[in-house]
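Dear colleague,

I am handing over the structure below, together with a short account of what was found in it. Please keep it open beside you as you read.

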Amino acid sequence: MIKTTPTIYLVDDDPAIRDSLALLIGSHGGCVEAYPDAPTFLAEAASDDIGCLILDIRMPHLSGLALQAHLQKQGIQLPIIFITGHGDVAQCAQAFKSGAIDFISKPIDQIQLMGSVRRAIRQSIQLQEKKAETRDVANRLARISERERAVLDMVAEGLSSKEIGKLLDVSPRTIETHRASLFAKLEVSTLAELIRFYLCSLEASRRPTTP
């Protein structure tokens, strides 16, 4: 089940860092779940929550960068804020290239961290909204037949019912019936809404699929 309250996941092998950051985030009203290493986080944490991950870059068992790569392979789009006491330029560049929100050196600047957390939560919400939109588009498209999909494509290209009928070798009245069915199944009431839905479906098809 997807949580609606943002969760800030914290993964760091230093218990003092975990405690201090959990206290800081909690004082700002955040819900924190802390883990001592990456394998424990992977075993226990939900993947589809709205939230973000504050991640130490150097840890035993599995490094922060390795965990970032693993999450990407699994299609888990959890915004990541890296923290480190031993970071270098190459690690920083790799983290940002892979989509990190921020890369913060220890000792942690509290204002910088909380600003990054807020940005990460906003990004997480936007990602969840896009996922929901993609699922909705896919569910509605699944209702239409192959012939109706062909009609939808041609309507979106601006062809009239008469032109579509000639291309499909059917009467314009048959095309009008298909158009009416599209309006009902796709839950749209105007041609503009139908075209908007079609464009959304194209955009959704280009997004990476997630579990």
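Predicted model: local features only at pLDDT ≥ 70, side-chain atom pairs only at ≥ 80, totals over all residues.

Residues are numbered from 1 along each chain as its sequence is written, and side-chain values use heavy atoms, with hydrogens and water left out.

Aspartate 136 forms a salt bridge with arginine 140, their closest N and O atoms being 2.8 Å apart; the term stands for a side-chain nitrogen of Lys or Arg within 4 Å of a carboxyl oxygen of Asp or Glu. Both residues lie in helix α5, four residues apart, which is about one turn of the helix, and arginine 140 is buried, at 15% relative accessible area. Helices (H or I, at least four residues) and strands (E, at least two) are DSSP runs, numbered from the N terminus.

The structure holds seven salt bridges. One of them joins the side chains of lysine 106 and aspartate 12, at 3.0 Å from N to O. Because lysine 106 lies in the loop between β5 and α5 and aspartate 12 in the loop between β1 and α1, this pair ties together parts that are 94 residues apart in sequence. Lysine 106 is partly exposed at 26%, whereas aspartate 12 is buried at 0%, and Asp12, Asp56 and Lys106 are linked in a network of salt bridges. Arginine 119 also forms a salt bridge, in this case with aspartate 102, with the closest N and O atoms 3.9 Å apart, and the pair links helix α5 to strand β5 across 17 residues.

As for the strands, five of them form an open sheet in the order β2-β1-β3-β4-β5, with parallel pairing, where two strands pair if DSSP finds at least two bridges between them. The edge strands, each pairing on one side only, are β2 (31-35) and β5 (102-105). Strand β4 (residues 80-84) pairs with β5 in the parallel sense over four bridges, and isoleucine 83 has isoleucine 104 of β5 as its bridge partner.

Conventions:
Buried < 20%, exposed > 50% of the residue type's maximum accessible area, 1.4 Å probe, protein only.
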